[in-house]
Amino acid sequence: MDIDHRYLQFFGPKKFCHYNLFNNHFFGGEESKQKLEEFLKETNEEKVAVLLDPPFGGLIDAISFTLRKLNKYWQKANCKEDSEIIPTLWFFPYFLEPRIVKSRPDLVMMDYKVEYLNHKKFGSKSGSKGSPIRIFTNVQSSLFVLPKSEEYRYCKKCERYVSNENQHCAKCNKCTTKHGNTYKHCDLCQQCVKSNYLHCEVHNKCVPDTSSSNEISDKICICNKVGSEENNSFRCYKCFGYGHRKRDCPTNSRNPSKKMRK
């Protein structure tokens, strides 16, 4: 099932539906829908799962709406109860986890870093932190065995495989690292945060540490270092400070801009 009709040349009408995921539209009409319902029928030997790899800019609410529709088709085809949900594996960036979980509370993010062949950002050379793409699934996490050769390990307390940098937090009672370096626990926020975050007394939350580039206390962020009322009207959404825009943020000096191509 895909919006790209060219797949029809490879799979044929019996194995492929020209389909729009975002509005649950079958371009082939009722005939295509019936083929899907037939495909969803399970046997003792063959089960069905939904695997989707949508555009990362796609609307999460729209995708969730379609997944609920597909679940209804699956329930009808197999005489399932309303409480039963079709196994789902959704490939999406880790930083969209809050929005996905809000829309689909049954989905849990796995630690496995999904890499794409011949892709600059999400391939095998996607940086020291690895690919930001994860799998969100309602399949029991313990069923996924991740390879130790790719720096994954089994956490007995969480009863699932996690990445090596994802250490178990005794206070949160779970492995909390999402991406990059091991997260640290903030007692004031009562949750784990990124290793380069500090608690800001003004915002009453943890924010990126900017103390190394701005002469301020490491207990507060740049928002406390404000000048005239005129400058305070500008808000920087990179360092959470006032008095300048994002493009003029002092933290930009850490990441020199790339040279423009001619």
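**Close-up views of pockets, a helix pair and a cavity**

**View 1. The second largest pocket.** Eighteen (18) residues line the second largest pocket, and K178, Y183, Q191, C192 and V193 lie nearest its centre. The elements contributing two or more residues to this lining are α4 (97-103), β12 (191-193) and β14 (205-208); helices (H or I, at least four residues) and strands (E, at least two) are DSSP runs, numbered from the N terminus. The largest share, 3 residues, is supplied by β12. A pocket is an open set of points on a 1 Å grid over the protein atoms alone, where a 1.4 Å probe fits, with protein on both sides within 12 Å along at least five of seven lines; lining residues have an atom within 4 Å of a point. The model is predicted: local features need pLDDT of at least 70, side-chain atom pairs count only at pLDDT 80 or more, and totals for chains, interfaces and linings use all residues. Residues are numbered from 1 along each chain as its sequence is written, and side-chain values use heavy atoms, with hydrogens and water left out.

**View 2. The largest pocket.** The volume of the largest pocket is about 1000 Å³, a volume being the space filled by probe spheres set on grid points joined across faces, edges and corners. Its lining comprises 31 residues, of which M1, D2, C17, Y19 and L51 lie nearest the centre. Two or more lining residues come from each of β1 (19-20), α2, β3 (50-52) and α3, and α2 gives the largest share, 4 residues.

**View 3. The α2 and α3 helix pair.** The axes of α2 (residues 30-39) and α3 (residues 60-78) come within 9 Å and cross at roughly 60°. Axes are lines fitted to C-alpha atoms, for helices over the stretch in contact, and angles run from 0 to 180 degrees between N-to-C directions. The two helices are therefore oblique to each other, a term for angles that are not under 35 degrees (roughly parallel), over 145 (roughly antiparallel) or 65 to 115 (roughly perpendicular). K33, L36 and E37 of α2 make the contact with L70, Y73 and A77 of α3, where contact means heavy atoms within 4.5 Å.

View 4. The structure holds 2 cavities of 30 Å³ or more, a cavity being a set of grid points where the 1.4 Å probe fits but cannot get out.
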